[in-house]
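Biologist: Could you take me through the aromatic pairs and the helices they belong to, starting with how a helix is defined here?

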Amino acid sequence: MKWFDNTSLMLVIIGAVNWLLIGIFRFDLVAFLFGNMSWLSRIIYTIVGLCGLYLISLFGRIGSMSE
């Protein structure tokens with residue numbers, strides 16, 4: 001599962017950079033590359049969101065490692 005953790009973390013970081021670009025420059029990189037709310041961009045947004053939800057479990061795993 002370590003590869004899944006790393007992949008999820010990488011996708012969430014990419015999503016965070018996209019939000020940074022939206023917030024500062026009003027530039028949506030995903031929409032620029034794949035079209036504004038095309039089926040492909042919606043899939044990318046969904047995958048990034050699901051990875052973010054999955055990484056919530058990271059808090060519990062970090063807490064259990066420190067005990």
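Modeller: Helices are DSSP runs of H or I with at least four residues, numbered from the N terminus. Please keep in mind that this is a predicted model.

Biologist: In which helix is the place of S8?
Modeller: Under that definition of a helix as a DSSP run, the place of S8 is in helix α1.

Biologist: Is S8 buried or exposed?
Modeller: Leaving aside neighbours within four places in sequence, S8 is in contact with C51, Y54 and L55. The relative accessibility of S8 is 1%, and the cut-off for burial is under 20%, so S8 counts as buried.

Biologist: How are the rings of W3 and F4 arranged, edge-to-face or stacked?
Modeller: A search of the whole structure finds three aromatic pairs. In the pair of W3 and F4, the ring centres are 5.7 Å apart and the planes stand at 80°. Planes over 60 degrees apart count as edge-to-face, so the pair of W3 and F4 is edge-to-face.

Biologist: How many residues apart in sequence are the parts that the pair of F4 and Y54 ties together?
Modeller: F4 and Y54 also form an edge-to-face pair, with 4.8 Å from centre to centre and 70° between the planes. F4 lies in helix α1, residues 2–25, whereas Y54 lies in helix α3, residues 39–54, so the parts tied together are apart in sequence by 50 residues.

Biologist: Which residue forms one aromatic cluster with W3 and F4?
Modeller: W3 is exposed at 61% relative accessible area, whereas F4 is partly exposed at 31%. Y54 counts as partly exposed at 23%. The residue that forms one aromatic cluster with W3 and F4 is Y54.

Conventions:
Residues numbered from 1 in each chain as written. Predicted model: local features only at pLDDT ≥ 70, side-chain atom pairs only at ≥ 80, totals over all residues. Heavy atoms only, no water. Phe/Tyr/Trp six-rings, centres within 6.5 Å; stacked < 30°, edge-to-face > 60°. Buried < 20%, exposed > 50% of the residue type's maximum accessible area, 1.4 Å probe, protein only. Helix = DSSP H or I, 4+ residues; strand = E, 2+ residues; numbered from the N terminus. Contact = heavy atoms within 4.5 Å.
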